[in-house]
Amino acid sequence: MKLPPFEYACPTKLSEAVALLAAGNGDAKLIAGGQSLVPMLAFRLAAPALLVDLRKLPELRKIAVSADGVVLGSMARWCDILADARLRTAHPLLRAAVTHVAHYQIRNRGTIGGSIAHADPAAEMPGIVLTCEAEIATVGTAGERVIKAADFFVGPLMTLLEPDEIIVEIRLPAWPAQRRWGFQEFARRRGDFAMAAAAVWYDQDASGKARNAHVGAIGVGDRPQRLTAGEAVLNGRLIDEAAIAQAEAAASAAVDPQTDIHASADYRRALVGTMVERALKSARTGIGKN
Ligand SMILES: Cc1cc2nc3c(=O)[nH]c(=O)nc-3n(C[C@H](O)[C@H](O)[C@H](O)COP(=O)(O)OP(=O)(O)OC[C@H]3O[C@@H](n4cnc5c(N)ncnc54)[C@H](O)[C@@H]3O)c2cc1C
C-alpha cells in the first residue's frame, strides 16, 4: 500500500529536530525505525505533513552502563540491546523482554524510543520501563524534562509527550546482581505482540524473604500496569507455592482486559495470572528466565 505524501527532513542536530517538530504545529512526526509508524501511514492511521528522521543523531544511539544503572539512547535498536553483552548482567530483565519483541528484521530497525513513544499496550518495553521504575528524558521547545514511566503512559497509543518533544534517553535504575526476576509472555507465535505478559522482580532479605517486589502486566489493559496487589502478597514472604498462588490470583483479579479478536477478557485475565505464576517460579530459582 502506498504511503500518503509527506515532506521529509533529516536533521543532524537535536535542536534542529526540535525546531522542525515545533514548526510543524502538531502536523510533523518523528520517524525512528519506522516499524510502527510506516504501517500507521500505510493504513492511513497517521498522515503527518512532515516526517523528521532521527537517524543522523548519533548521540541518541548510546547505551551506557554504570553503577547508577543503564541509560539507553532513544535510538538504541532492539538488535543493539541484544548485542550488548554488558546488559546480560546489568539488566537481564530488559534483555529477556527484548528477545520477545518482533522478529529479526524488525529488531534491526526498531528502537526503544519509538516503542515507548508509540505506547502499544501489548508491547513489551512500556511494561518493562514501568515495572523497573525507569525515567524518560525528553527535550522540546520548553526545554528538557524527565518523566517517570509511571506517569508517561496515559492510554492506548497515548503518552504525556508534547507534539514538539523528543525522547532522548530511557534511564533504568541499577540492577543488583542478586535480584530475582522472571519474564513470561504468551503470544500466538514467538515475536508477535503479547496476548498477555508478566515481568516480576524482587530482592531477598537475609532470611530469604522477598522485599521490594515489582509485578508488571502487559497486554491486559489500555496501558501497561503495575499489579500492586500482587506485590503486596509477595513482600515479606518466602516465595513458596502458597505465595505464588496468591500472587497469581491477585494478578488476575487486578486486571480488566477487553475482549478482542485474539482472546476473550476472561481468557486474558486467567492468562496474566498464569504468566505471573510462571515468572515467579523462574525468579525463585535465582536464574530468572523467559
Ligand atoms: C510485524 C511487526 C511485529 C512487531 N512485533 C512487536 C512486538 O512483538 N513487540 C513490540 O514491542 N513491538 C513490535 N513491533 C513494533 C516494533 O518494535 C517497533 O520498532 C516499535 O514499536 C517502534 O519503534 P520504531 O523505532 O520503529 O518507531 P517508529 O515506527 O519510527 O515510530 C513510532 C512512533 O514513535 C514516535 N517516535 C519515534 N522515536 C521517538 C522519539 N525519540 N521521541 C518521541 N517520539 C518518537 C514516532 O513519531 C511514531 O509516532 C512490531 C512491528 C512489526 C512491523
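**View 1. Residues around the ligand in the predicted model.** Among the 31 residues around the ligand, those that come nearest are Leu-30, Gly-34, Leu-37, Thr-111 and Glu-124; a residue counts as near if one of its heavy atoms lies within 4 Å of the molecule. This shell divides into 15 nonpolar, twelve polar and four charged residues (Ala, Val, Leu, Ile, Met, Phe, Trp, Tyr, Cys and Pro count as nonpolar, Asp, Glu, Lys and Arg as charged, and the others, Gly among them, as polar). The structure is a predicted model, in which local features need pLDDT of at least 70 and side-chain atom pairs count only at pLDDT 80 or more, while totals for chains, interfaces and linings use all residues. Residues are numbered from 1 along each chain as its sequence is written, and side-chain values use heavy atoms, with hydrogens and water left out.

View 2. A polar side-chain atom of Thr-111 lies 2.6 Å from an oxygen atom of the ligand. For Ser-36, an N or O atom in the side chain is 2.8 Å from a ligand oxygen. In Ala-32, a polar backbone atom is 2.8 Å from an oxygen atom of the ligand.

**View 3. Elements of the shell around the ligand.** Strand 2 (28-31), helix 7 (112-118) and strand 10 each give two or more residues to the shell. Helix 7 gives the most, with four residues. Helices (H or I, at least four residues) and strands (E, at least two) are DSSP runs, numbered from the N terminus.

How values were computed. A polar contact is a pair of N or O atoms within 3.5 Å; within protein, one must be able to donate a hydrogen and the other to accept it, and residues adjacent in sequence count only if both atoms are side-chain atoms.
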